[in-house]
Protein chains: 2
Amino acid sequence: MSGAGGDPVAYHVSKMTDSVKSATRKPGKRERLVTAATRVLHEQGVEKTTLADIAQAAEIPVGNVYYYFKTKDQLIEAAIGAHAQHLHTMTAILEQHAATPQDRLKALVQGWVDQRDLTVSYGCPTGTLCSELGKRADGLDRVAAGVMGLLIDWVERRFAEMGRADSRELAVALVAAYQGISLLTNTFRDPELMTAEGRRLTRWIDSLA
Amino acid sequence: MSGAGGDPVAYHVSKMTDSVKSATRKPGKRERLVTAATRVLHEQGVEKTTLADIAQAAEIPVGNVYYYFKTKDQLIEAAIGAHAQHLHTMTAILEQHAATPQDRLKALVQGWVDQRDLTVSYGCPTGTLCSELGKRADGLDRVAAGVMGLLIDWVERRFAEMGRADSRELAVALVAAYQGISLLTNTFRDPELMTAEGRRLTRWIDSLA
DNA sequence: GTCTATACGTTGATAGAC
DNA sequence: GTCTATCAACGTATAGAC
């Protein structure tokens with residue numbers, strides 16, 4: 001890991017601490033930087049994206065980035081933290097709008113299908129992140145893996161609630177199916193691949209109930 | 001696309017042509033370069049790999065690379081061609097060692113499981129390539145997609161031989177499952193994920209027979 | 001054909017003015 | 001806190017000696 005604010009959760013805490021320390025601080029800049037980074041890193045990939053790309057998207061001068069983040073890796077880490085936050089929000093909504101474990105899982109799948117156009121263009125945000133960072137061994141790879149773990153854990157809990165003893169294996173299989181079809185949807189630029197696999201997975205979930 | 005020798009097949013043809021043109025040519029250098037590129041690009045990823053990395057792995061001076069390839073992209077293209085060649089060889093062996101479509105598909109799955117240690121370290125060679133190049137729109141992305149297409153086509157033919165009308169969808173699902181579990185196996189550095197999914201897929205193929 | 005030297009742009013990061 | 005100017009290192013690619 002590369003310094004303080006090492007994990008996605010700690011990032012938000014340290015941000016709050018800073019806000020308390022100086023009341024004059026504009027919270028907009030840092031947040032804009034992270035939001036821009038999240039989007040641009042997804043669109044261009046981690047290794048190909050420069051700080052200039054992110055700074056431009058956030059409408060912030062390049063050199064100024066270093067006031068908010070000591071290194072490029074720390075900015076990437078914050079962007080991964082934003083993914084974790086987004087995932088948390090999404091699963092909370094799923095739990096609110098669907099009652100049974102099966103319905104929640106099927107709603108998750110439907111969400112994937114609804115996102116298919118973004119997947120066609122850039123692949124799954126978490127998946128492409130893990131794919132690139134998986135070739136590293138500097139700590140950032142573990143941070144990305146953490147987000148993927150959160151997703152699998154959530155799915156596993158739903159299968160467990162359905163009374164499945166093999167809930168972990170089923171969760172891994174469902175997320176793997178999504179990651180795989182995301183890759184193919186992006187590779188062949190064909191949203192219909194995601195739609196068709198969504199139908200298959202929905203039937204599969206029903207068959208397990 | 002970035003010039004002559006635009007597709008994986010044409011590469012091998014142009015190589016042959018060159019060999020005919022000058023009998024004194026050492027075929028070792030170019031081939032070593034492509035072999036090294038194939039390995040290093042898989043290990044480090046496309047965007048992070050420099051020509052110096054590849055040249056060093058091939059034990060060739062950096063500047064000399066440009067005698068064999070006009071640009072870095074053309075070397076990458078040749079490496080993708082090597083993947084296509086390898087895939088062709090592999091499927092030929094599968095057809096030789098297994099008789100029925102089911103057995104051939106199960107042998108394919110077993111091959112994936114046997115490769116799990118490499119997947120733990122660097123992910124699926126074709127998959128990580130497609131993931132990175134999928135963010136481009138310069139032609140190389142289509143070349144990588146071509147290799148993935150070869151694999152799906154081969155699988156589809158086996159399902160068709162089994163009499164399945166939905167052979168294309170099944171082929172996409174099987175390859176997606178492999179790509180997805182490859183990503184997770186690499187993300188969590190856990191070969192057991194691949195082993196377990198291999199068992200699941202083998203049972204699934206049997207259930208379709 | 002093979003290799004060395006080097007040009008030229010870009011990148012992450014720093015120093016310091018305001 | 002914000003921004004500009006700039007550095008040092010590295011990347012691709014070229015020129016040209018042998």
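Reply: By class, the lining of the largest pocket holds 14 nonpolar, two polar and 12 charged residues, where Ala, Val, Leu, Ile, Met, Phe, Trp, Tyr, Cys and Pro count as nonpolar, Asp, Glu, Lys and Arg as charged, and the others, Gly among them, as polar. The model is a predicted one, in which local features need pLDDT of at least 70 and side-chain atom pairs count only at pLDDT 80 or more, whereas totals for chains, interfaces and linings use all residues. Residues are numbered from 1 along each chain as its sequence is written, chains are lettered from A and ligands numbered from 1 in the order in which they are written, and side-chain values use heavy atoms, with hydrogens and water left out.

The space in the largest pocket comes to about 590 Å³. A pocket here is an open set of points on a 1 Å grid over the protein atoms alone, with protein on both sides within 12 Å along at least five of seven lines, while a cavity is a set of points where a 1.4 Å probe fits but cannot get out; lining residues have an atom within 4 Å of a point. Grid points are joined across faces, edges and corners, and a volume is the space filled by probe spheres set on the points. Of the 28 residues that line the largest pocket, Arg200(A), Trp204(A), Arg200(B), Leu201(B) and Trp204(B) are the closest to its centre. Two or more lining residues come from each of helix 10 (167-187) and helix 11 (191-208) of chain A, and likewise from helix 10 (167-187) and helix 11 (191-208) of chain B, helices being DSSP runs of H or I with at least four residues, numbered from the N terminus.

As for the two copies, chain B can be laid on chain A by a turn of 180° and a shift of 0.0 Å along the axis, with an RMSD of 0.0 Å, the superposition being by least squares on the C-alpha atoms of residues with pLDDT of at least 70 in both. The copies are thus related as by a two-fold rotation axis. In chain B, the C-alpha of Gly180(B) is the nearest to the axis, at 1.9 Å. The same surface serves both copies, since 100% of the contact residues of chain B recur in chain A, with contact meaning heavy atoms within 4.5 Å.

The largest cavity contains about 210 Å³ of space, and of the 18 residues that line it, Gly127(A), Ser131(A), Leu183(A), Ser131(B) and Leu183(B) lie nearest its centre. Helix 8 (125-133) and helix 10 of chain A, together with helix 8 (125-133) and helix 10 of chain B, each give two or more residues to that lining, which has four nonpolar, 14 polar and no charged residues.

The second largest cavity has a volume of about 60 Å³. Its lining includes Glu47(A), Lys135(A), Lys48(B) and Glu132(B), and at least two of the lining residues are supplied by each of helix 8 of chain A and helix 8 of chain B. By class, this lining has one nonpolar, four polar and six charged residues.
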